[in-house]
Amino acid sequence: MTDPGAESPQRAGYAGWASQTDIRRRAGGTRSSQTIDTSDPIQTLEIVRPDDWHLHLRDGELLSRVLPYTAERFARAIVMPNLDPPVTTVAEARLYRARILAALPAGLDFEPLMTLYLTSSTTPDEVEAAAASKLIFGLKFYPMGATTNSSQGVTGFEDLHPVLESLENSGLPLLVHGEAIGPEIDVFDRERIFLDETLRPIIERFEGLRVVFEHITTEEAAAFVAESPARVAATLTPQHLLLTRNAIFDGGLRPHHYCLPVLKRERDRAALVAAAIGGDSSFFLGTDSAPHERAKKESACGCAGIFSTPIAIEAYAEAFHRAGAIDRLEAFASFHGADYYGLPRNRDRIRLEAVEWQGPDTIGCGNRGLEVFWAGERLHYRVASAAQGRRV
Ligand code: DOR
Ligand code: ZN
């Protein structure tokens, strides 16, 4: 199997991976209903290199398989801590970061920005240690039972007020998987209920707390973030900008379109696109790329998660292109997140070419294969080259 990270993007070009032997193409694919704005005149687009502000890199062999796809494209990524067992302490995060750097192919320049997994045992001292470490960039809140490896998540914030106060004082953001969980809660209402019952009160009570409402999926969440102070931000995934829940049932059950929070309605998708292209710096790129091997997706009880990294930038470009707003991509992909996290914007650039193409379907083979988001669908932009080190 060819290692996609074996060559640096400078030598191979960003497009190089598409012809490698471990990537297979398959005819067909799911239909999409949106119309393309063909009046968009831009042929090539050079943007500052993006960062991914929400990413699952996994560990061990899977980490080695997926990391090159991120490091070839993104300069930095906020790395989610939902390993098994989860990353709950600064010491564990330091070790995980070292494993990521050890798995990084030579020649690729990539900075993992680590996070801690909030549990009911997290202490204010750990938060202070996290802030002092300069390695940790946020604490991730998973509601217990909400998603992959969330069994050690928390059921509510009631007992965590001292930790939230410590977070508020530290300036580290709380990264929120915003779903209310319970047998009585409809899966499509989880985000809205969480927003009303949990998130709003917390943001009102802790007036200095910085919060990233991760992978938002609803019109209500977009409106909430837009009307909140600048300390409240949101990440947006490519799948929630491009697809609705119909995609999960398009001609049959489509496990590769299953992620959490689950895809929503067209009016939600349209509101998320409006937020992404609207220029509001509270909204930024976070792929939530979450690889699971094929056997774990195509199963009687398939895992939630969409692996989008290999075509993520192009998929965002597709959403912006369809909205006639490709000129807004750079701020969303490369400026807003860095500004929110108080980090310098990247200095190097990538070039996107306006060309119609189909991305790879699969990385690897058989049950171990990783299905790539947007398989079989056309894309209208393609990352073509990088020019490192150029000043912006
Ligand atoms: O779809 C998802 N997959 N949502 C999450 O919140 C977790 C992620 C994963 O880790 O697989
Ligand atoms: Zn995630």
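**Note on helix packing, the sheet and the ligand shell**

1. Helix H7 (residues 219-227) packs with helix H9 (residues 266-277) at an angle of about 25 degrees. Their axes lie 8 Å apart. The model is predicted. Angles under 35 degrees count as roughly parallel, so H7 and H9 are roughly parallel to each other.

2. Which residues of H7 and H9 make the contact? H7 supplies Glu219, Ala222 and Ala226. H9 supplies Arg267, Asp268, Ala271, Leu272 and Ala275. By class, the contact of H7 with H9 has 5 nonpolar and 3 charged residues, and no polar ones.

3. Now the sheet. Strands of a sheet pair through backbone hydrogen bonds, either parallel or antiparallel. Here the pairing is parallel. The sheet is open and has 8 strands, in the order E3-E4-E5-E6-E7-E8-E9-E10. Strand E3 (52-55) and strand E10 (283-285) are the edge strands. Each of these two pairs on one side only. From one strand to the next, the twist averages 30 degrees.

4. Look at one pair within the sheet. Strand E5 (residues 111-117) and strand E6 (residues 136-141) run parallel. How many bridges join E5 to E6? There are 4 bridges. Tyr117 stands opposite Lys140 in E6.

5. Last, the ligand. The residues surrounding ligand 1 are His56, Asn82, Thr147, Thr148, His177, Cys259, Leu260, Ala290, Ala304 and Gly305. What classes make up the shell around ligand 1? The shell has 6 polar and 4 nonpolar residues. No charged residues belong to the shell, whereas the contact of H7 with H9 has 3 charged residues.

Conventions: Residues numbered from 1 in each chain as written. Chains lettered and ligands numbered in written order. Predicted model: local features only at pLDDT ≥ 70, side-chain atom pairs only at ≥ 80, totals over all residues. Near = placed C-beta within 6 Å. Nonpolar A, V, L, I, M, F, W, Y, C, P; charged D, E, K, R; others polar. Axes fitted to C-alpha atoms, helices over the stretch in contact; angles between N-to-C directions. Parallel < 35°, antiparallel > 145°, perpendicular 65-115°, else oblique. Contact = placed C-beta atoms within 7 Å. Pairing = 2+ DSSP bridges.
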